[in-house]
Amino acid sequence: MKTIRRSFIAAGQVQGVGLRPFVFRLAREEKLTGFVGNTSEGVRIEVQGDGARVARFESRLLAEAPPLARIVALRGRDMPFLPEEKNFIIRRSSVHAGHSVLVSPDMGICADCRMEMRDPANRRFAYPFTNCTNCGPRYSIMRAIPYDRASTTMGCFPLCPACAAEYANPADRRFHAQPVACPVCGPHLWFVRAASPDSAPTAANRRDALARSCRVLLSGGILALKGLGGFQLACNARDGASVSELRRRKQRPHKPLALMAGDIAVARTLCLLTPEHEALLQSPESPVVLCPRREGCPLPGDVAPDVNSLGLMLPCTPLHAAIFDHLSGLAPSPPVLVMTSANPRGEPICLGNREALSRIAGMADAFLLHDRDILTRVDDSVIALAPVAPEGGSRIPSPPEDGSPERLFFRRARGYVPYPVSLPQDGPVVLGAGAELKSTVCLTRGNQAFVGQHVGDLENPATLNFYEEVVARLETLLEIRPKAIVCDLHPDFLACRYAHARAVAEGLPFWRLQHHAAHAAAVLAENNCYDPALALCLDGSGLGDDGGIWGGEAILMDISRARWQRVGRLSPFPLPGGDAAIREPWRCALALREQCGSSRENAAAPWDGEYAHAASAVREMLGRNLNCPQTSSCGRLFDAVAAQLGLCLVASYEGQAAMRLESAADTGLVADFVARGADTDFRWALPLIERDGLLNLDSAHLFARVLEARREGEPVGVIAARFHTSLARGFADMAARAASTANVGKVGLSGGVMQNGIMALLLPFCLRQRGLEPLVHHALPPGDGGLSLGQAVWGRRMLHDEH
């Protein structure tokens, strides 16, 4: 066949993932000449040789790419033949302003590196910074693109001859692995007692740091260790006293704690794992995976007192692997550690050594430090499996495109950020400023949207600083600046103040988008739905465009025309004391009892003892309508039912009451509801009436049925299951009527309530029964951590219309 020359630009997640050595080896196998190199557009490849071999090279390039590479576009063209070319080489990186390269997320330790760390004959035996092109830090240590060592925090560690040889050898899996290091030339650990924070990193300290840290854990102490994207607090999860002390010091009395097991075999002793759970746990992203707790689990209940699941992860860095390898030789039982973010309550995760020694000095007994700087804070991602309909039903639709297990994100950060969401066409750069709680930001570039890592709740200056760090880091790495900004309606949110101040300072177009409209736009955009569609947006609260507190909304959304309309809601009920009712769910329950007339029956309430005096004051507030704003919040309805059933009167963290209600529900009855096609008298029928131009699902009627069932002595688990099934069917009925009126067939599902596993199962099921196509989040959290995407895509449409 004729000899030809072809040029390719591979765009996507292509730098720092082993693509260049793979291309080098592939070209050699196909007996082609040419070159490969990093550029600002991606990886540039030119190959020359027999036409059939060039065609086979192109096919294999896409089919056999390294595990971390994601080639989202491969542009090829014919080039003039170069008769003098004799070899295939790897060229130096070339850079210019602006690029389309995808920055790789940080990845968990691979099996090859783990094996080397366990080999006493290997020069990286037990070395806690072992990595290669298939694993290790990326986003957290990068300063700029192209991804070269000098552009990372490893630039200050010159390579020793042995590492330099690996780095320069295209046949080695460490070829151009930018964080490559060994005990001779790389970072080191050292150990510091909280009582003597000035301990020097002497040679002896470095040698014994791991062993001393493990002794702290085995003796019941709390260790602060510098992880991949920030500091973590660790303790022995098998030691109830140690877990309780960690909770006391962190002021976290009930919220579930993340756990780390040494391997999948240990994880199986704690939880009931499906193959999908195990695939997620052992994936390169290494997230925290929410798994059903095994009956008789040997851990104290205090690790996750409110739920029936455990948040599990496996060692995700070589440092964690080294700790578990060392502990395994000392502990009487296979070690399991609590592994939670190290931060004062409500503040971001600690980043640097001095910062940690200062900010969390009272939380840890000792510190395990090292000298590799972290440039970007990145917390652990938290994921559950998308629920499965029993008896042969299908999973929630819209699976990930990469074939991985279908995911329900609770927190998206390490391992997934900054991988983008695809958009249907190119457009201007827009910044979505996100929400106040579980905040994230989103920046668009071309046909991609980059949602940053979980920031947390923007309630203090420290978290706002982190928020601004994330915006600045994404803009630097992506080499972009926003042309417009979109934020929430609420005038007092710190994210909104930042957005407005920046828009004014830089003369940028600026829009505010209502909270639930942003949720609707986010779930529809994630599913590439730009035609008119309905969305059910169910969460705790968001400021409505009428000044009310919304949270159980049916939104008709047309992103392509930047138009939306509220068409339905959960019928409003009072929120006595405003924010106080969020912290004290019994207030919501009392308000609904008053609204449905049950308080006049003098039936006992769970709060009558401890909160009797306060309840009297709340009744007076309700009677006089003092500080009792109306809300359509679905989250507050969950709170009210949980309080009425005695499950949670006062919440120590956001979502606690709803989580207890979900855990209490009889899942066998829920499964029966689905198995019988919802054709059962088990659920309660809910009135759907039109009022104020909106469809209203009667919240007071549903609460009255809960009260009636409780008076009749129904078990709490049965009532909780009835509540979930009735609410899901009621919202599906609302969606069906609204969709019919608007002549649409797709319904997005968004908001924090969709992180409830029962609702995430039932709502898509009930919608499909009514001939509607449910669209759910699969790449972003359904809660407030995903709505910045909706703001950004809305802003792009608004900017387009202005021009």
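Contact, as I use the word in these entries, means heavy atoms within 4.5 Å. I looked these things up in a predicted model, where local features need pLDDT of at least 70 and side-chain atom pairs count only at pLDDT 80 or more, while totals for chains, interfaces and linings use all residues. Residues are numbered from 1 along each chain as its sequence is written, and side-chain values use heavy atoms, with hydrogens and water left out. Helices (H or I, at least four residues) and strands (E, at least two) are DSSP runs, numbered from the N terminus.

**Entry 1: helices H11 and H12**

I began with helix H11 (residues 461-478), where Leu464, Tyr467, Glu468, Val471 and Glu475 meet Leu494, Ala495, Tyr498 and Arg502 in H12. By class, I find six nonpolar, no polar and three charged residues in this contact; Ala, Val, Leu, Ile, Met, Phe, Trp, Tyr, Cys and Pro count as nonpolar, Asp, Glu, Lys and Arg as charged, and the others, Gly among them, as polar. The axes of H11 and H12 (residues 494-506) come within 10 Å and cross at roughly 50°; axes are lines fitted to C-alpha atoms, for helices over the stretch in contact, and angles run from 0 to 180 degrees between N-to-C directions. The two helices are therefore oblique to each other, given that angles under 35 degrees count as roughly parallel, over 145 as roughly antiparallel, 65 to 115 as roughly perpendicular and the rest as oblique.

**Entry 2: helices H13 and H23**

For helix H13 (residues 515-526) and helix H23 (residues 787-802) I noted axes that come within 7 Å and cross at roughly 85°, which makes H13 roughly perpendicular to H23. On the H13 side the contact includes His515, Ala518 and Glu526, and on the H23 side it includes Leu787, Gly790 and Val793. Its classes are seven nonpolar, four polar and one charged residues.

**Entry 3: the five-stranded sheet**

I then followed an open sheet of five strands in the order E4-E1-E3-E2-E5, with mixed pairing; two strands pair if DSSP finds at least two bridges between them. Strand E4 (70-78) and strand E5 (88-90) stand at the edges with a single partner strand each, so one side of each is left without a neighbour in the sheet. The twist from one strand to the next averages 15°. Strand E1 (residues 3-13) runs antiparallel to E4 and is joined to it by eight bridges, with Ser7 standing opposite Arg77 in E4. Helix H2 (residues 51-63) packs on the sheet, where it touches E1, E3 and E4, and its direction makes about 150° with that of E3.

**Entry 4: two further strand pairs**

Strand E29 (residues 746-750) and strand E30 (residues 773-776) pair in the parallel sense over four bridges, and Gly748 has Leu775 in E30 as its bridge partner. Strand E27 (residues 688-691) and strand E28 (residues 694-697) also have four bridges, but in the antiparallel sense. In the hairpin of E27 and E28, which has two residues between the strands, I saw that Asp692 takes a positive phi near 55°.

**Entry 5: backbone details in loops**

A cis peptide bond joins Val417 and Pro418, with omega about 15°, and I located Pro418 in the loop between strand E15 (407-411) and strand E16 (421-422). Ala126 has a positive phi of about 60° although it is not a glycine, and I placed Ala126 in the loop between helix H3 (111-117) and helix H4 (161-168).
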